[in-house]
Amino acid sequence: MINKINEIRAELMAATAANAAEVEALRIKYLSKKGAVSALMADFRNVPAEQKREIGQALNELKTFATERINELRDNAGNEGSAELLDLTRTEAPVRLGTRHPLSLVREQIIDIFRRLGFTIAEGPEVEDDWHVFEALNFAADHPARDMQDTFFVARNPEVLLRTHTSSVQTRVMSSQKPPIRIICPGRVYRNEAISARAHCFFHQVEALYVDKNVTFADLRQTLLYFAREMFGPQTDIRLRPSYFPFTEPSAEMDISCDLCGGKGCSFCKGTGWVEILGCGMVDPAVLEACGIDSKEYSGFALGMGVERITNLKYRVKDLRLFSENDTRFLEEFTAAH
């Protein structure tokens, strides 16, 4: 793969473009979803574990180089053909440029961090069945999540519902794919809650799952520490508190040190010096067995976080309703973060 990376870099170095159309053709060839760089990213899952660090770094450098090179060609093409590209029908008023949504910015950052660890994206339907959302994940028949007060059921059918977490994607993958499994599951989820500054009937999650031979809690902790320091800064510390989830055992809640007070205690962290960000744990053997995986041979860990929660911590957004109201004044605050 290193040879292929070097070949693409050499092609980009030699590439030329006389106009905007040729620049766009180069962008599509190398940086589109089906482009050469994206194809290498997709093939990264097949790289041997001992080479992932080296090749992952080379891929990231290639993507950055490709983006900068194409931008350079675009600038040069614009300067050379500015007279030809002049649009006389364009209004004299400045065109207002949009910005990416803060949830999209944070979601992509989370995905990028886990992609560097060898995780690949897995997706599933938002309208799900009871088995993938609850039954396979070890939820008891009388669990409160299965009540209409907590979950949106389709046409009052207790077997069809809007997924309450992206863990349903994990059960779909475990049921159809043999280990090793290393996936990240971003998506929108739904819960029957009253809309307020601190709760919403839909929100976004990113969950991760790793199943293989000899996976331990130490692997989980190191993954969490790496994520926290990549997302919030190298000074970030973490702590794990015992908790309970039906689908993991043992289970834990993860806190990070408050970056406002440096762990000394402030109003944001309620004087504790710590802020909760996600739940995690080792995959319960019953879940592995329900999905057709031998729990005596394989083990795994899972973790899940709310994208809104992470965005609140990074940008101090106190009202969840702002994320879905499409107020341009709010969205324009994130122009610099794009």
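**Notebook: helix, charges and backbone**

I began with Asn 326, which sits in the loop between helix H11 (307–315) and helix H12 (328–331). I keep in mind throughout that this is a predicted model. The phi of Asn 326 is near 60°, a positive value in a residue other than glycine, and at 57% relative accessibility I count Asn 326 as exposed.

I then looked up Lys 270, where phi is likewise positive, near 60°, in a residue that is not glycine. Lys 270 belongs to the loop between E7 and E8, and I note a relative accessible area of 69%, so Lys 270 is exposed because the cut-off is over 50%.

**Cis peptide bonds**

I turned next to the peptide bonds and found that the one joining Pro 179 and Pro 180 is cis, with omega about 5°; Pro 180 lies in the loop between H8 and strand E4 (181–190). I also looked up the bond from Glu 249 to Pro 250, which is cis with omega near 0°, and here Pro 250 is part of strand E7 (residues 248–257).

**Helix H6**

Which residues of H6 are buried? I list Pro 102, Leu 103, Leu 105, Val 106, Ile 110, Ile 111, Ile 113 and Phe 114. After the helix comes Gly 118, whose phi is positive, near 95°.

**Salt bridges**

The side chains of Asp 129 and Arg 172 meet in a salt bridge at 3.8 Å, N to O. This pair links distant parts of the chain, with Asp 129 in strand E2 (residues 127–129) and Arg 172 in helix H8 (residues 167–176), 43 residues apart. I note that Asp 129 is partly exposed at 25% relative accessibility, and that Arg 172 is partly exposed at 30%.

What does the salt bridge between Glu 276 and Arg 241 tie together? I found their closest N and O atoms 3.5 Å apart; Glu 276 lies in strand E8 (residues 274–283) and Arg 241 in strand E6 (residues 238–245), so the pair ties together parts that are 35 residues apart in sequence. Glu 276 counts as partly exposed at 37% relative accessibility, and Arg 241 as partly exposed at 28%. I also noted that Arg 239, Arg 241, Asp 255 and Glu 276 are linked in a network of salt bridges.

**Surface patch and a distance**

I looked up a negative surface patch and found that Asp 142, Asp 147, Asp 150 and Glu 193 form it. Asp 142 lies in the loop between helix H7 (130–133) and strand E3 (160–162), and counts as exposed at 67% relative accessibility.

Last, I checked Leu 31, which is found in helix H2 (residues 20–31) and is partly exposed, with a relative accessible area of 24%. From C-alpha to C-alpha, I have Leu 31 and Lys 264 as 45 Å apart in space, and they are 233 residues apart in sequence.

Key:
Residues are numbered from 1 along each chain as its sequence is written. This is a predicted model: local features need pLDDT of at least 70, side-chain atom pairs count only at pLDDT 80 or more; totals for chains, interfaces and linings use all residues. Side-chain values use heavy atoms; hydrogens and water are left out. Buried means under 20% relative accessible area, exposed over 50%, partly exposed in between (1.4 Å probe, protein chains only). Helices (H or I, at least four residues) and strands (E, at least two) are DSSP runs, numbered from the N terminus. Patches are made of residues with over 30% relative accessible area and no salt bridge: like charges are joined within 9 Å, nonpolar side chains (Val, Leu, Ile, Met, Phe, Trp, Tyr) within 5 Å. Accessible areas come from the Shrake-Rupley method with a 1.4 Å probe; for residues, only the protein chains shown count as cover. A salt bridge is a side-chain nitrogen of Lys or Arg within 4 Å of a carboxyl oxygen of Asp or Glu. Lys and Arg count as positive and Asp and Glu as negative; His and the chain ends are not counted. The place of a charge is taken as NZ of Lys, CZ of Arg, CG of Asp or CD of Glu.
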